[in-house]
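Hello,

Here is the structure I promised to pass on. Have a look at it first, and my notes follow below.

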Amino acid sequence: MGLFRRPDVAQPTVGGMAQLAARLAVFLRAGISHDTAWRELSSDPDLDLATQQLADAIASGLADHRRVREAVVQSCQGRGEPARVFAALVIVADESGTPLHSALWALAQSLRDRVATEADIRAVTTAPRQTAWLLMALPPLGLVVAWTLGIDVVTFFRETTLGRVAALTSGLLIGVAWMWMRRLVGQLLPDTGYLSPACDLLAVATAGGALPERALARVENALTQCGLDGEGIDAVQRLAELSRRVGVPISVLASTEAEWQRHRARSSSRDAAATLSVQILIPLGLLILPAFVLVGVLPVVVTLLRDAVAGGPSGLW
């Protein structure tokens with residue numbers, strides 16, 4: 001059965017899962033039992049609350065005499081992609097007899113790269129976002145200034161066709177600009193599919209000397225069982241064919257390819273984040289500035305001209 005996200009289950013943060021995987025890897029490598037390790041993690045104050053809840057659920061499952069694999073898979077159900085990748089690693093390691101600590105360390109590195117990329121993107125987009133908020137605050141500020149000057153802009157928006165059209169167009173431009181900027185940022189930080197665990201899982205599955213065909217079957221089964229995207233299966237199949245042709249152990253190829261994929265994803269995300277600071281200014285200039293003119297400038301100008309014309313030639317001066 002696939003693992004689907006449920007709204008009533010707390011979602012561990014990416015940073016929390018990275019710290020969880022790293023500490024568990026250290027515990028297991030030092031020879032600490034799973035029961036002791038998970039009990040310690042469930043009360044670790046450095047982990048966020050959702051990650052502590054996950055660790056506590058796994059510790060409770062182990063206390064009920066469940067196998068480690070069963071407790072982890074059941075507890076990770078519906079808790080987001082990092083937790084589901086964690087469960088897939090446990091499944092593959094259990095089936096292949098591979099030590100879990102090295103795979104967990106690779107997962108922790110992937111998650112840390114994700115956290116670093118998110119920090120880079122937040123730093124790059126801080127100034128454009130603050131500019132956007134400032135520009136979106138200018139139209140109501142312009143209305144307040146006009147009202148203090150005695151200009152009845154409310155009547156302009158309510159009782160004139162031009163005012164209603166200007167207000168509607170301004171709101172539409174601001175909404176489109178905001179969705180545009182969110183999409184630009186969302187393309188750099190997808191909600192799913194950013195871990196691409198197939199090569200890491202293959203490295204775990206073949207570390208114990210399993211045949212490539214058997215290892216591939218285990219990887220596909222773990223991805224399906226944990227409700228993860230099968231992206232990367234074609235790549236690991238090509239690695240298996242390359243291993244057979246040249247006689248290189250597939251575990252080495254899989255580990256190298258997984259590390260290269262993480263490096264490539266990190267580099268491309270940071271390059272895209274560097275260009276985002278320019279791209280995000282496009283909707284600001286094309287949409288938000290015209291919206292400000294429509295709401296903050298147009299009613300003032302029209303009202304002043306109308307009053308001047310109504311006052312005759314003397315009103316123009």
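Predicted model: local features only at pLDDT ≥ 70, side-chain atom pairs only at ≥ 80, totals over all residues.

Asp-44 counts as buried, with 9% relative accessibility, while Arg-23 counts as partly exposed at 26%.

Arg-23 also forms a salt bridge with Asp-46, where the closest N and O atoms are 2.9 Å apart. Asp-46 lies in the loop between H2 and H3 too, so here the parts tied together are 23 residues apart in sequence.

The whole structure has 5 salt bridges. Another of them links Arg-69 and Asp-94, with the closest N and O atoms 3.4 Å apart. Since Arg-69 sits in helix H4 and Asp-94 in helix H5 (residues 81–96), that pair ties together parts 25 residues apart in sequence.

Now to the helix pair. The axes of H2 (residues 34–42) and H3 come within 8 Å and cross at roughly 150°; H2 and H3 are therefore roughly antiparallel to each other. Their crossing is left-handed. Residues making the contact include Trp-38 and Leu-41 of H2 and Ile-58 and Leu-62 of H3. By class, this contact has 6 nonpolar, 3 polar and 3 charged residues.

His-65 has a positive phi, near 70°, and counts as exposed at 75% relative accessibility.

Best wishes

Note on methods: Residues numbered from 1 in each chain as written. Heavy atoms only, no water. Buried < 20%, exposed > 50% of the residue type's maximum accessible area, 1.4 Å probe, protein only. Axes fitted to C-alpha atoms, helices over the stretch in contact; angles between N-to-C directions. Helix = DSSP H or I, 4+ residues; strand = E, 2+ residues; numbered from the N terminus. Parallel < 35°, antiparallel > 145°, perpendicular 65-115°, else oblique. Left-handed = near helix turned anticlockwise from the far one by under 90°. Contact = heavy atoms within 4.5 Å. Nonpolar A, V, L, I, M, F, W, Y, C, P; charged D, E, K, R; others polar. Salt bridge = Lys/Arg side-chain N within 4 Å of Asp/Glu carboxyl O.
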